Amino acid sequence: MATVLVTGATGTLGRDVVPALRARGVDPLLLSRSPARGSRYHQADLVTGRGVADALAGVGTVVHLAAGKDQVAAARDLLDAASA
């Protein structure tokens with residue numbers, strides 16, 4: 001099974017989606033702007049790009065749930081980083 005990364009893992013949607021993935025046997029990597037809370041967490045900023053490439057290493061699927069002020073630019077930057 002491909003490694004799954006969930007952006008916005010600690011946000012409103014992420015708090016519901018992550019347990020649902022785990023209930024289906026998926027142990028996702030979790031991306032958040034907040035400091036890491038364990039080995040499955042990556043701290044990254046989708047707006048600045050800081051930490052995004054590291055978080056995407058080895059990932060086959062991204063569930064993009066992060067929200068913010070410039071969601072279109074952040075999503076575009078995430079897609080560009082995932083494509084690289």
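This report describes a helix, a sheet and a pocket in a predicted model.

## Basis of the model

Because the model is predicted, local features need pLDDT of at least 70 and side-chain atom pairs count only at pLDDT 80 or more, while totals for chains, interfaces and linings use all residues. Residues are numbered from 1 along each chain as its sequence is written, and side-chain values use heavy atoms, with hydrogens and water left out.

## Sheet

An open sheet of 4 strands runs in the order S3-S2-S1-S4 with parallel pairing (strands, of at least two residues in state E, and helices, of at least four in H or I, are DSSP runs numbered from the N terminus; two strands pair if DSSP finds at least two bridges between them). Strand S3 (41-43) and strand S4 (59-64) are at the edges, each with a single partner strand, so one side of each has no neighbour in the sheet. From one strand to the next the twist averages 25° (axes are lines fitted to C-alpha atoms, for helices over the stretch in contact, and angles run from 0 to 180 degrees between N-to-C directions).

S1 and S4 pair in the parallel sense over 5 bridges, and the bridge partner of Val4 in S4 is Thr61.

## Helix H1

In helix H1 (residues 14-23), Gly14, Val18 and Leu21 are buried (buried means under 20% relative accessible area, exposed over 50%, and partly exposed in between, with a 1.4 Å probe and protein chains only). These residues lie on the same side of H1 because they cover an arc of only 65° around the axis, the arc being that of the directions from the helix axis to the C-beta atoms. The face turned away from the buried side of H1 carries the exposed residues Arg15, Asp16 and Ala23.

The buried residues of H1 pack against strand S1 (3-7) and strand S2 (29-32), where contact means heavy atoms within 4.5 Å. H1 lies across S1, S2 and S4, running at about 165° to S1, and is followed by Gly25, whose phi is positive, near 85°.

## Pocket and helix H3

The largest pocket is lined by 23 residues, of which Gly8, Arg33, Ala66, Ala67 and Gly68 lie nearest its centre (on a 1 Å grid over the protein atoms alone, a pocket is an open set of points where a 1.4 Å probe fits, with protein on both sides within 12 Å along at least five of seven lines, and lining residues have an atom within 4 Å of a point). S2 and helix H3 (71-83) each supply at least two residues of this lining, and the largest share, 3 residues, comes from H3.

Ala73 is found in helix H3 and, at 21% relative accessibility, counts as partly exposed.
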